[in-house]
Amino acid sequence: MLISPSVLSCDFSNIERDTLMLHNSKADWLHIDIMDGVFVPNISFGFPVLEAIHRHTDKTLDVHLMIANADLYLDAFQKAGANILTVHYEACTHLHRTVRRIQELGMKAGVALNPHTPIEVLSEIGHLLDLVLVMSVNPGFGGQRFISNTDNKVSRLREMREKMGANFLIEVDGGVNLENAKMLSTAGADVLVAGSFVFNSANPTDTIAALKAI
Ligand code: DX5
Ligand code: ZN
């Protein structure tokens, strides 16, 4: 299981300290949530913050775009240090072109699905993807409650991946904690994102290690 702690829940007045904590922890990737106030009802941060994180770690930067018009910014995210760039199915009209462009830029391409979006929408594109991000909350905020039945969606996605002969990783994002992590692992998740559960814990480094050990 790969663990991708979400920096959205870090202390932004101590971003260097928190990035180094993640860098020195068992975290495999760093999950970076970009919100524009248009696609989702919240605004997080943009390029200067991503660049700052990039200066303090060479771990994989797993960038989750919750923005409209992602096509306008793909090059800029690559330059800012993104290794994986995930766009929302619901926000991309020409998804095939967007995915191809991300890969041409040398990044891995992911597609995120909102809780209400069926996995079948990926039937014509799944074989091209490096990652599918299954949202287990409605995107926009950290600290929300995990939507039950996401494990079922993950196991159906795993079956679909096998039938298609695709090899994307399955990542789950939202409300992940030690209580649901095991169930998600059994269902077939390859990567777990955890924000508030890590940063609100007494010892984030130990919490990451505990998630890694499930
Ligand atoms: C929600 C974001 C998540 C968020 C997860 O829109 O995409 O990555 O940071 O935070 P928790 O783990 O607190 O639900
Ligand atoms: Zn996210």
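Ala187 is buried, at 9% relative accessibility. Buried stands for under 20% relative accessible area, exposed for over 50%, and partly exposed for the range in between, with a 1.4 Å probe and protein chains only. Ala187 sits in helix α6, residues 178–187. Helices (H or I, at least four residues) and strands (E, at least two) are DSSP runs numbered from the N terminus. Which residues does Ala187 contact, leaving aside its neighbours within four places in sequence? They are Asp151, Val154, Ser155 and Arg158. A contact here is heavy atoms within 4.5 Å. Ser155 is 32 residues from Ala187 in sequence, yet the C-alpha atoms are 4.7 Å apart.

The model is predicted: local features need pLDDT of at least 70, side-chain atom pairs count only at pLDDT 80 or more, and totals for chains, interfaces and linings use all residues. Residues are numbered from 1 along each chain as its sequence is written, chains are lettered from A and ligands numbered from 1 in the order in which they are written, and side-chain values use heavy atoms, with hydrogens and water left out.

Now the sheet. It is open and has 8 strands, in the order β1-β8-β7-β6-β5-β4-β3-β2, with parallel pairing. The edges belong to β1 (2–5) and β2 (29–35); each has a single partner strand, so one side of each lacks a neighbour in the sheet. Neighbouring strands are turned by 25° against each other on average, direction ignored. Strands count as paired if DSSP finds at least two bridges between them. Strands of a sheet pair through backbone hydrogen bonds, either parallel or antiparallel.

Take one pair inside this order. Strand β6 (residues 131–135) and strand β7 (residues 169–173) run parallel and share 5 bridges. Leu133 has Glu171 in β7 as its bridge partner. Helix α2 (residues 47–56) packs on the sheet and touches β2 and β3 (60–66). The direction of α2 makes about 165° with that of β3. Axes are lines fitted to C-alpha atoms, for helices over the stretch in contact, and angles run from 0 to 180 degrees between N-to-C directions.

His31 stands opposite Asp62 in β3. Is β2 enclosed or open? Of its 7 residues, 7 are buried, so β2 is largely enclosed by the rest of the structure. Both faces are covered. Trp29, His31, Asp33 and Met35 are buried on one side, and Leu30, Ile32 and Ile34 on the other.

Next, the interior. In soluble globular proteins, nonpolar side chains tend to be buried together. A nonpolar core is a set of buried Ala, Val, Leu, Ile, Met, Phe, Trp, Tyr and Cys residues joined through side-chain atoms within 4.5 Å. The largest core has 59 residues. Ile32, Val63, Leu65, Phe77 and Leu85 have the most contacts inside it. Beyond four places in sequence, Leu65 is in contact with Ile34, Ala70, Phe77, Leu85, Thr86, Val87 and His88. A second, separate core has 8 residues, among them Trp29, Ala112, Met135 and Val137.

Cysteines come next. Cys10 is buried at 10% relative accessibility, and Cys92 is buried at 13%. The count of disulfides (cysteine sulfur atoms within 2.5 Å) is 0.

Then the rings. The whole structure holds 3 aromatic pairs. Rings of Phe, Tyr and Trp (its six-membered ring) pair if their centres lie within 6.5 Å; planes under 30 degrees apart count as stacked, over 60 as edge-to-face and the rest as tilted. Phe12 and Phe45 have ring centres 5.5 Å apart and planes at 50°, so the pair is tilted. Phe12 lies in the loop between β1 and α1 (15–23) and Phe45 in the loop between β2 and α2, so the pair ties together parts 33 residues apart in sequence. Phe12 is partly exposed at 36%, whereas Phe45 is buried at 12%.

Phe47 and Tyr73 form a tilted pair too, 6.5 Å centre to centre with 45° between the planes. Phe47 is in helix α2 and Tyr73 in the loop between β3 and α3 (74–80), 26 residues apart. Phe47 is partly exposed at 25%, and Tyr73 is partly exposed at 34%. Phe47, Tyr73 and Phe77 form one aromatic cluster.
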